Amino acid sequence: MKNLKLKAIALQALIPIALITTLDTTAAVITFDENALDPDTFFSPQANTTFTSGGVSFDHSWNDTFNCCWGNFTYSNRSDTTTAGFTNDRSAITGDGAGAGQDNYGISFDLGASINFGGATVVSSAEFTNTTYAYLSMLNGDGFAKQFEAGDFFRLTINGLDQLGAVTNSVIFSLAEGTNIVNQWSLVNLTSLGTVYGLSFDYASSDVGGFGIN
């Protein structure tokens, strides 16, 4: 059984929300830094594929029907914290990864993104933040979403999965509560998930429309 520490995850729903920076285990450390990137770029194959870090595989999806739109996971080292809008959906609002000297971080975009560890794993903690797109959208509003005010929320649920992919336990982390919008890497204790075989990520928000979360 592996003991796992996710140092950084941030996820995106219909707007970019989350980023994975580091996954630290007794057997491996997942930092995404072993995946080479040119400066200020991201992994963006226009195809359904996978990539690995620290022995864990991450799915990257591409919509062949419309020849656009990535999903599930990618990784990035972009540092743009000022450009608003969906064209900047692969930058962390922190401008870098969670660890000292860490450049790359992972990003998830999609409802229902998940990770399969391939064996029994105990996840001790994770660090989360918003993408620049998500942060500025909630801070200022845009053509798709409202400016957040008192009573608004944007929450991430981290689910522990058993061998069959069923949810066994969950932890909720708020990426935004009212005007308090996360813009730093935030450590979340996940030991209450117990022994898991994977993780999945769900989102809830006060700002919803005909297609779900705005």
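In this predicted model, the side chains of Arg78 and Asp40 meet in a salt bridge, with 3.6 Å from N to O (a salt bridge is a side-chain nitrogen of Lys or Arg within 4 Å of a carboxyl oxygen of Asp or Glu). Because Arg78 lies in the loop between β8 and β9 and Asp40 in the loop between β5 (29–30) and β6 (49–53), the pair ties together parts that are 38 residues apart in sequence. Helices (H or I, at least four residues) and strands (E, at least two) are DSSP runs, numbered from the N terminus. Arg78 is buried, at 16% relative accessible area, whereas Asp40 is partly exposed, at 43% (buried means under 20%, exposed over 50%, partly exposed in between; 1.4 Å probe, protein chains only).

Five salt bridges are found in the whole structure. Lys146 forms one with Glu149, the closest N and O atoms being 3.5 Å apart, and another with Asp152, at 3.1 Å. Through shared partners, salt bridges join Lys146, Glu149 and Asp152 into one network.

Strand β9 (residues 105–109) has five of its five residues buried. Tyr105, Ile107 and Phe109 point one way from the strand, and Gly106 and Ser108 the other way. Five bridges join β8 (residues 68–76) to β9 in an antiparallel arrangement (strands pair if DSSP finds at least two bridges between them).

Residues are numbered from 1 along each chain as its sequence is written. Local features need pLDDT of at least 70 and side-chain atom pairs count only at pLDDT 80 or more, while totals for chains, interfaces and linings use all residues; side-chain values use heavy atoms, with hydrogens and water left out.
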